[in-house]
Amino acid sequence: MPYPKGLTVRPVRNGHGIVALKNFKAGAFICEIKGQIVTPQTVWRYWETDPRRGANCFRSSPERYLDPEGEIGAYANHSCNPNAGIVKQGRKLLLKAITPIARGDEVTHDYSTLLGTDDVWRMCCNCGAANCRRVVKTAAALPAAALARYRKLRVIPAFIDVMLR
Ligand SMILES: C[S@@+](CC[C@H](N)C(=O)[O-])C[C@H]1O[C@@H](n2cnc3c(N)ncnc32)[C@H](O)[C@@H]1O
Ligand SMILES: [Zn+2]
């Protein structure tokens, strides 16, 4: 798979991750998260047959997920202090910088921003950030300050945010 311009995949703290090959300014577009749109039933099936693949899926709408298998999104790791976020534009999921990202930095986003109140997936976190939440849960469990910041940065998609109000 050719990686999007300015990005590569390398071994990082948590397995393999996306690494910047150039500097990105805060607010810059990094890449589109591409993949196959699948139903919640397909994601449930992955849990039984290929849990890794199930865990990799991005929620893309109330009733759909995006399976990034074979694409760079399959290497997008979580951080509780991320330098990027997912912005939904039309039907697309775009990875955007939320802080300046330097060449050589791992590009991470906060998985909770795409976990609705009806998502049951949890992850024990090993991001190493000072503000690590230890367990990654739904957007509803985000600390108030983090939620407010993500809202301001527009990295909580509307279909997730509506579940929080
Ligand atoms: C989209 S994949 C990312 C690529 C993965 N690191 C690999 O090497 O294949 C998501 C998986 O990476 C791991 N992961 C990502 N961020 C993590 C974190 N902050 N702490 C612990 N594991 C993490 C979890 O196993 C998660 O299900
Ligand atoms: Zn963490």
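What joins strand 5 to strand 6? A hairpin does, passing through two residues. Strands here, like helices, are DSSP runs numbered from the N terminus (E and at least two residues for strands, H or I and at least four residues for helices). The model is a predicted one, so local features need pLDDT of at least 70 and side-chain atom pairs count only at pLDDT 80 or more, while totals for chains, interfaces and linings use all residues. Residues are numbered from 1 along each chain as its sequence is written, and chains are lettered from A and ligands numbered from 1 in the order in which they are written.

Strands 5 and 6 run antiparallel and share three bridges; two strands pair if DSSP finds at least two bridges between them. Within this pair, Arg59 sits opposite Tyr65 of strand 6. Strand 6 (residues 64-67) is also joined to strand 4 by three bridges, again antiparallel, with Gln36 facing Asp67 of strand 6. Put together, this makes an open three-stranded sheet with the order 4-6-5 and antiparallel pairing. Its edges are strand 4 (36-38) and strand 5 (58-61), each of which pairs on one side only. On average, neighbouring strands of the sheet are turned by 40° against each other, direction ignored (axes are lines fitted to C-alpha atoms, for helices over the stretch in contact, and angles run from 0 to 180 degrees between N-to-C directions).

Zooming out, the protein has four helices and twelve strands. Its C-alpha trace spans about 40 × 35 × 30 Å along the principal axes. The radius of gyration is 15 Å, which agrees with the value near 15 Å for a compact globule of 165 residues; this radius is taken over C-alpha atoms, and the globule rule is 2.2 Å times the number of residues to the power 0.38. As for burial, 35% of the 165 residues count as buried, meaning that 20 or more other C-beta atoms, placed from the backbone, lie within 10 Å of the residue's own. Of the contacts with a separation of 6 or more, 67% link residues 24 or more positions apart (a contact puts two C-beta atoms, placed from the backbone, within 7 Å).

Then there is the ligand. Ligand 1 is surrounded by 16 residues, the closest being Gly15, His16, Ala55, Asn77 and Asn126; a residue is near a molecule if its C-beta atom, placed from the backbone, lies within 6 Å of it. Strand 2 (15-20), helix 2 (51-56) and strand 7 (77-78) each give two or more residues to this shell, and strand 2 gives the most, with three.

Terms used:
Buried ≥ 20, exposed ≤ 12 C-beta atoms within 10 Å, placed from the backbone.
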